[in-house]
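I opened this entry to look up charged side chains and their partners. My notes follow in the order in which I checked things.

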Amino acid sequence: MRAMLARLFAGRNGMDQLNMAALVLAILLWVLSFVVPVRGLRTVLYYAFLLAAGVCIYRALSRNISARQAENQRFLQRTGRIQSTREGWHNRAEQKRQYKIFKCPSCGVKLRVPRGKGKIRVTCRQCGASFEEKS
């Protein structure tokens, strides 16, 4: 089965960020088409699901890789702010795991020291004040 899929996707675009967004949109539309009580709206949502799923399949199986990559780049540029925000959250969470953050008692600037070093003397790089804290 894996070899068959590898042969099918050889020389094709495959899944990229725009395809993943289209797939998520298709799944949401499909679920909404079951939940919405209004029959006409349910039909519209179902056809929108079919359209989004068709676009996803078309893009994944397309052999025109340069055009699909250009579409994906435009999508990433338009959604770049959202992704950079998510990366910022990830970086802050990673920093909290690796570093302990203190505020300088005299000037209030945030200071970052590595975790797990025991009791250390921290010197503020802004005002030069030093104090002891547990890391």
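I began with Glu132, which is partly exposed because its relative accessibility is 43%. For these classes I used under 20% relative accessible area for buried, over 50% for exposed and partly exposed in between, with a 1.4 Å probe and protein chains only. The model is predicted, so I kept to its limits: local features need pLDDT of at least 70, side-chain atom pairs count only at pLDDT 80 or more, and totals for chains, interfaces and linings use all residues. Residues are numbered from 1 along each chain as its sequence is written, and side-chain values use heavy atoms, with hydrogens and water left out.

**Salt bridges.** I took a salt bridge as a side-chain nitrogen of Lys or Arg within 4 Å of a carboxyl oxygen of Asp or Glu. By this rule I have six salt bridges.

Glu132 forms one of them with Arg121, at 3.5 Å from N to O. Glu132 is in strand 4 (residues 130–134) and Arg121 in strand 3 (residues 119–123), so the bridge ties together parts 11 residues apart in sequence. I took helices (H or I, at least four residues) and strands (E, at least two) as DSSP runs, numbered from the N terminus. Arg121 counts as exposed because its relative accessible area is 53%.

Next I looked up Asp16 and Arg59, whose side chains form a salt bridge at 3.0 Å, N to O. This pair links distant parts of the chain, 43 residues apart: Asp16 is in the loop between helix 1 (2–9) and helix 2 (17–35), and Arg59 is in helix 3. I noted both Asp16 and Arg59 as buried.

Glu71 and Arg68 also form a salt bridge, again listed at 3.0 Å, N to O. They are about one helical turn apart because three residues separate them in helix 4. Glu71 is partly exposed at 23% relative accessible area, while Arg68 is buried at 8% relative accessibility. I then found Asp16, Arg59, Arg68 and Glu71 linked in a network of salt bridges.

**Ser62.** What does the side chain of Ser62 contact at 2.8 Å? I found a polar contact with the side chain of Arg68. A polar contact is a pair of N or O atoms within 3.5 Å; within protein, one must be able to donate a hydrogen and the other to accept it, and residues adjacent in sequence count only if both atoms are side-chain atoms. The Ser62 side chain also reaches the backbone nitrogen of Asn64 at 3.2 Å. I placed Ser62 in the loop between helix 3 (39–61) and helix 4 (65–78), and it is buried at 8% relative accessibility.
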